[in-house]
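This briefing is meant for a reader meeting the structure for the first time. Please look over the model before reading the points that follow.

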Amino acid sequence: MREGLDPASWHQAVRLLYRNAEFAQYALAIVAILIAVGNALFGAPATLAAGWAGYMVAVAAGRVILVRRYFKAMPDIGDTPRWYRRFIVGVLLAGIGWGAGAALFMIGAGDEARFFTAGLISATVAGAVASL
């Protein structure tokens, strides 16, 4: 539990994280595929783009499975820390992927590829604010 938070409030906060997560994962997988295809068209190696997109789709799929398991389990207040840690692992894996994608597709790339990648990632971040 988070220090200073009522256990019931913490439980509801974690529940909100899960409630908003499934749709976001579908959207993130689509954006990752768009970034990979776009960068392949701008000259990035197709195998690199496909590998990165595959990783991102796999992480998103894993997070969807986690969300579904959470709601199937209907955890009580005592289970909140465990489900929170699981959620954070998914966030960490996704964050690593997004950071790697930015590095892979922007460092040494042309201006068009950089603008394309930065634009899609920025739009994704802006859209994600609503799911918080």
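This is a predicted model: local features need pLDDT of at least 70, side-chain atom pairs count only at pLDDT 80 or more; totals for chains, interfaces and linings use all residues.

Which helix gives the nonpolar patch its largest share of residues? That share, four residues, comes from helix H4, which covers residues 80-106.

**Overall chain**
- Along its principal axes, the C-alpha trace of the protein chain spans about 50 × 25 × 20 Å.
- Of the 132 residues in the protein chain, 30% are buried.

**Packing of H2 and H4**
- Helix H2, made of residues 21-41, packs with H4 at an angle of about 15 degrees, and the axes of these helices lie 12 Å apart.
- Because angles under 35 degrees count as roughly parallel, this angle makes H2 roughly parallel to H4.
- The crossing in which H2 passes H4 is left-handed.

**The nonpolar surface patch**
- Tyr 55, Val 89, Leu 92, Leu 93 and Ile 96 form a nonpolar patch on the surface, and together these residues have about 440 Å² of accessible area.
- Leu 93, one of the residues in this patch, lies in helix H4.
- Leu 93 has a relative accessibility of 37% and therefore counts as partly exposed, since that class lies between the limits of 20% for buried and 50% for exposed.

Conventions: Residues are numbered from 1 along each chain as its sequence is written. Side-chain values use heavy atoms; hydrogens and water are left out. Patches are made of residues with over 30% relative accessible area and no salt bridge: like charges are joined within 9 Å, nonpolar side chains (Val, Leu, Ile, Met, Phe, Trp, Tyr) within 5 Å. Accessible areas come from the Shrake-Rupley method with a 1.4 Å probe; for residues, only the protein chains shown count as cover. A salt bridge is a side-chain nitrogen of Lys or Arg within 4 Å of a carboxyl oxygen of Asp or Glu. Helices (H or I, at least four residues) and strands (E, at least two) are DSSP runs, numbered from the N terminus. Buried means under 20% relative accessible area, exposed over 50%, partly exposed in between (1.4 Å probe, protein chains only). Axes are lines fitted to C-alpha atoms, for helices over the stretch in contact, and angles run from 0 to 180 degrees between N-to-C directions. Angles under 35 degrees count as roughly parallel, over 145 as roughly antiparallel, 65 to 115 as roughly perpendicular and the rest as oblique. A crossing is left-handed if the near helix is turned anticlockwise from the far one by less than a right angle, and right-handed if clockwise.
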